[in-house]
Amino acid sequence: MTEFAPFAHDLDGAAAARRAAHDAPLLAAVRGEKPSRRPVWMMRQAGRSLPEYREIRANIGMLDSCFQPGILAEITLQPVRRHDADAAILFSDIVVPLKAAGVDLDIVPGRGPVVENPVRTLDAVNALPTVEREQLSALAEGIGGVLEGLRPDQVLIGFAGAPFTLASYLVEGGPSKNHETTKSLMYSQPEVWHALMRQLTPTIIRFLQVQIESGVDAIQQFDSWAGYLSAADYREFVQPYSQQIFDAVRPYGIPMFHFGVGTGELLADMALAGPDVVGVDWRVPLDTAAKRINDAVVAAGGVSGSKALQGNLDPAVLCASQDAVASHIRRICGEADAAIDAGHARGHVFNLGHGVLPHTDPDAITRAFEEVHQL
């Protein structure tokens, strides 16, 4: 295995690979400028809600499709073409870097990522491999294909699972409703927990570096399960590692997003981990979330309104009537604008408060994008 150097950056190469226009709506909004239209994309916009996705995935497994550059690119671009999205989100999965590194896992239909040998001891932690750049070559090639299919005003967002969520899959051996095995390890054997965090962090950094140096225009850390933690536990067991990841990729100078589900009480701490944009789920109004974030940043010595917001339509609303969807979109945009006017937020990227539900009507998504672009 080659020596790991997580903080070595090919800044010039990464800048040369990006092709989005400086005034692309998403980039302008994140900087706090007036975009040509309100930017919108949706988590899981590429997926089971689209018939073209179901067709291309009919005879190929989820993880296999993530390692085939042509399929990866096509799936990433499908919703951008259909919905006129302002951003493509790279089609991948948070366990891809683990799979690429050689961890024995698979994504089981109807269940999710399943790990053959759960990681619950220090020996198991120490045996976890760190992903190498060459193991992610298919990802890099796929990104090149995506970039060829985007307009200059559309950006490509890369992503990685944040350490807590990735660790929970490894410790539990798969998805969990309560994360009891994860929390038990965290509380009872904190030395093992922190060793696991230290082991995962370089792999996450490298996964993001490969994406950035291949040309993505922004990145997002998904900490899907962080909402199961108290604020104190998040600060002690998770935040330092998420912050290290943001610190490692900050020199590339691209927008960094942070998102979790059920994280209303963690928004301030997630913001202090260092992202430029904080994603908010549907449980907290955007103006309320912005004030929590702003107050925490200012108290920590930061600049008022230094974070942009992302969110936060309830995915279930897309299954309601067109009038109901439009009403909710107007409300959310109004809350975001109020936060910006109050100086509590820098900009707004419209999104869902989680991912598109599988049985959502694709036409409802397209109409929602059109509604956002009018506001």
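Predicted model: local features only at pLDDT ≥ 70, side-chain atom pairs only at ≥ 80, totals over all residues.

**Exercise 1.** Work out in which order the seven strands of the open sheet lie, and which strands are at the edges.

*Solution.* 
- Step 1: Follow the pairing across the sheet; the order is 1-4-5-6-7-8-9, with parallel pairing.
- Step 2: Look for strands that pair on one side only: these are strand 1 (87–89) and strand 9 (348–352).

**Exercise 2.** Describe how strand 8 is joined to strand 9, and find what helix 15 lies across.

*Solution.* 
- Step 1: Strand 8 covers residues 308–313 and runs parallel to strand 9, with five bridges joining the two.
- Step 2: Helix 15, made of residues 286–299, lies across strand 7 (277–279), strand 8 and strand 9. The angle between helix 15 and strand 8 is about 145°.

**Exercise 3.** Decide whether Ser214 counts as buried or exposed, and list its surroundings.

*Solution.* 
- Step 1: Locate Ser214 in helix 11, which spans residues 190–214.
- Step 2: Ser214 has a relative accessibility of 16%. The cut-off for buried is under 20%, so Ser214 counts as buried.
- Step 3: Check the side chain: one of its polar atoms lies 2.7 Å from the backbone oxygen of Val210.
- Step 4: Set aside neighbours within four places in sequence; Ser214 is then in contact with Ala17, Ala140, Ile143 and Leu147.

Conventions:
Residues numbered from 1 in each chain as written. Heavy atoms only, no water. Pairing = 2+ DSSP bridges. Helix = DSSP H or I, 4+ residues; strand = E, 2+ residues; numbered from the N terminus. Contact = heavy atoms within 4.5 Å. Axes fitted to C-alpha atoms, helices over the stretch in contact; angles between N-to-C directions. Buried < 20%, exposed > 50% of the residue type's maximum accessible area, 1.4 Å probe, protein only. Polar contact = N/O pair within 3.5 Å; in protein donor to acceptor, adjacent residues only side chain to side chain.
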